[in-house]
Amino acid sequence: MIYLLLIVFFIMLYLTFKKFDKDIIAPPVVLVAGYTLSIACATVNVKNWGIDLHLNTFFVLVYGTLLFVITGYIVKKWMEKRASYQSAIQHQFNTININRKYLCVYIGFQILVMLVWVWNIYNVTNSLGNYNSFSERMVAFREWNSYGTDWISNYFYVFLNQFNQISTISSYLFLYIIVYNYFINKKKYSILWVSIIISIIQMLLTGGRANVVNLVLVLGLYYAIFYFFFNKSHVIIDKKIIIEFVLVGIIGALLFYYIKGAVGRGTEDIDLKNLIPYITMYAGGSIQLLDMFLQDPIDASNIFGKEVFYGLNFQLIRIGILDIEPYITHLEFRVATTGAFLGNVYTAYRSYIYDFGFIGLTVLPVIFSIIVNFLYYNIIYKYTNYNVDFKLLFYSLVFPAIFFDSARCIFYTSICTFTTIKQFMFLIILTAIFVKNFRIRDLWNNRNLEALK
């Protein structure tokens with residue numbers, strides 16, 4: 001059954017790619033590509049995991065994905081009728097100039113926050129036990145801040161984490177500037193890369209690698225978007241692009257594996273022969289886990305949207321609106337019948353079904369598709385030609401959730417929260433600080449209001 005599923009998704013990926021103008025970053029193409037990759041990685045482990053995919057799993061994966069794709073196509077055609085991108089492409093694009101003095105001060109601030117964060121890691125882990133290495137400390141620190149709720153009462157950690165979010169968000173803006181200026185006049189701001197590298201180190205010190213992978217996806221998004229506007233065509237998939245994808249994938253997989261100890265993902269010895277099982281577990285374990293969940297579901301919860309709306313629920317709990325005990329977002333870990341560890345990612349469809357049953361599986365992919373496709377095609381067909389397009393910056397916050405829908409319900413869990421609004425406000429403020437000749441009040445004057453519609 002899983003081989004049939006893989007063939008179906010390859011066909012779906014090809015047809016989606018064709019129907020969406022061979023645009024590799026069109027939301028339906030990105031989502032189908034994510035699921036196809038996951039299924040392919042699961043197929044590699046048929047024997048190791050004892051995979052015997054059931055018909056209901058096949059149906060859930062195909063049904064939920066088709067709903068997203070069909071809805072996306074409807075939105076695309078509707079947007080095509082309402083606007084044309086041709087007029088926007090013909091506008092004059094101007095170089096984005098940055099304030100280097102402010103940026104140097106900001107980099108110093110980033111370094112200071114990073115040093116304080118390292119001190120905080122030692123401070124927290126000293127209260128938890130004795131450790132022989134920094135890797136062991138990172139494992140304990142990650143368990144403390146990810147698999148429990150004790151951190152909520154640590155106000156210094158909560159306060160310091162806000163600066164981590166600013167550092168993460170600034171890298172989105174700086175990547176935007178780098179790619180945008182590259183297409184205009186090849187102008188390079190090496191100092192921006194210094195800040196981005198510091199942000200990446202800080203992301204790893206928080207105990208996760210997801211934000212770094214997100215940054216790579218966003219870099220690809222910016223490149224494809226600006227390629228489209230400056231070349232009047234989508235990125236052409238040729239041998240060079242395929243080779244670049246493969247190289248990035250190989251290098252990314254190696255880095256993802258080799259830094260696992262530094263980010264609190266275990267202290268066992270690194271062995272290259274474990275690379276493929278490790279990577280394919282992360283990329284494809286969700287398919288087998290979804291199958292296991294559908295055959296052996298956990299007990300229902302009386303919390304509305306416990307999994308789908310975890311992020312919003314958690315914030316409402318913290319401000320006292322929702323009167324329940326705080327709970328963690330991590331789902332249950334499972335082990336294959338062969339004894340292989342599979343982790344705890346189940347695709348977004350698991351959360352839709354767990355919280356809302358078949359109705360959730362039907363309605364939530366449609367809403368997700370409407371929102372992200374409307375955002376994307378509003379950029380494509382109505383690009384503002386404003387040096388820093390906040391529609392694109394906002395969409396960059398959402399974009400990784402589309403690709404990783406094959407792993408977990410990120411869009412509703414993390415994006416549909418007050419945190420995203422806060423992050424977007426950070427982006428506007430950071431733009432006002434670092435981009436010359438831009439002021440926040442400019443967003444409300446008549447000329448730019450018209451451009452930002």
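This is a predicted model: local features need pLDDT of at least 70, side-chain atom pairs count only at pLDDT 80 or more; totals for chains, interfaces and linings use all residues.
Local features were taken at pLDDT of at least 70 and side-chain atom pairs only at pLDDT 80 or more, whereas totals for chains, interfaces and linings use all residues. Residues are numbered from 1 along each chain as its sequence is written, and side-chain values use heavy atoms, with hydrogens and water left out.

Lys232 lies in the loop between α10 (210-231) and α11 (239-258); helices are DSSP runs of H or I with at least four residues, numbered from the N terminus. Lys232 is exposed, its relative accessible area being 55%. Here exposed means over 50% relative accessible area, buried under 20%, and partly exposed in between, with a 1.4 Å probe and protein chains only. Thr347, by contrast, belongs to helix α14 (residues 347-381) and is buried, with a relative accessibility of 1%.

Helix α13 (residues 310-318) is mostly covered, with 7 of its 9 residues buried. The buried residues are Tyr310, Gly311, Asn313, Phe314, Gln315, Leu316 and Ile317. An α-helix has 3.6 residues a turn, so residues three or four places apart point the same way. The cover over the buried residues of α13 includes α16 (410-415) and α17 (418-434), where contact means heavy atoms within 4.5 Å. After α13 comes Gly320, which has a positive phi near 90°.

Technical notes. Helices (H or I, at least four residues) and strands (E, at least two) are DSSP runs, numbered from the N terminus.
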